[in-house]
Amino acid sequence: MAKTNGSLYQSYSLLIFRIFLSLIFIVAGARHVLQSHAVTERLLNIELGQILGSYIPPEPLVFLSGIGMVLTAVALILGYRT
């Protein structure tokens, strides 16, 4: 069955939306990976971060969350489970 112009535009617009939304995660994830020390300092400046830091070392968590954000962005661009 051939796609109509409306459904074709809708599929392209969803792809563009997924790409722009994933750019947010890519930028944030890259910052968590490349500048993990700065993100860790910001985390430790809030009360919840201090509580978390007393149980678990925060730098590996910041690094892992950055990797998770980048992987999520790639999955979003590829349309995984969308």
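P58, neighbours within four places in sequence aside, is in contact with T40, L43, L44 and G53 (contact means heavy atoms within 4.5 Å). P58 sits in helix α4, which spans residues 58–78. Helices here are DSSP runs of H or I with at least four residues, strands are runs of E with at least two, and both are numbered from the N terminus. P58 is buried, because its relative accessible area is 12%. Buried means under 20% relative accessible area, exposed over 50%, and partly exposed in between, with a 1.4 Å probe and protein chains only.

1. Some ground rules. This is a predicted model, in which local features need pLDDT of at least 70 and side-chain atom pairs count only at pLDDT 80 or more, while totals for chains, interfaces and linings use all residues. Residues are numbered from 1 along each chain as its sequence is written, and side-chain values use heavy atoms, with hydrogens and water left out.

2. Next, confidence. The chain averages a pLDDT of 91, and 94% of the residues score at least 70. pLDDT is the predictor's confidence in each residue, from 0 to 100. Among the elements of the chain, helix α4 has the highest mean pLDDT, at 95. Helix α3 (residues 47–55) has the lowest, at 91. Where pLDDT is low, the predicted coordinates should not be read in detail.

3. Not counting residues up to four places away in sequence, T40 touches P58, E59 and V62. T40 is buried, because its relative accessible area is 4%.

4. S36 also belongs to α2. It counts as buried, because its relative accessibility is 17%. With neighbours within four places in sequence set aside, S36 is in contact with R31 and V62. The C-alpha atoms of S36 and V62 are separated by 6.2 Å, although the two residues are 26 apart along the chain. For P58 and S36, 22 residues apart along the chain, the C-alpha separation is 9.5 Å.

5. Which residues of α2 are buried? They are S36, V39 and T40. Seen down the axis of α2, its buried residues fall within an arc of 100°, so they line one face of the helix. The arc is that of the directions from the helix axis to the C-beta atoms.

6. Now helix α1. V33 lies in this helix. It counts as partly exposed, because its relative accessibility is 27%. Leaving aside neighbours within four places in sequence, V33 is in contact with F63, G66 and I67. V33 and L76 are 43 residues apart in sequence and 19 Å apart in space, C-alpha to C-alpha.

7. L14 is another α1 residue. At 45% relative accessibility, it counts as partly exposed.

8. Finally, the surface. L8, Y12, L15, I16, I19, F20, L23 and I26 make a nonpolar surface patch of about 680 Å². Patches are made of residues with over 30% relative accessible area and no salt bridge; like charges are joined within 9 Å, nonpolar side chains (Val, Leu, Ile, Met, Phe, Trp, Tyr) within 5 Å. A salt bridge is a side-chain nitrogen of Lys or Arg within 4 Å of a carboxyl oxygen of Asp or Glu. Accessible areas come from the Shrake-Rupley method with a 1.4 Å probe; for residues, only the protein chains shown count as cover. L23 counts as partly exposed, because its relative accessibility is 38%.
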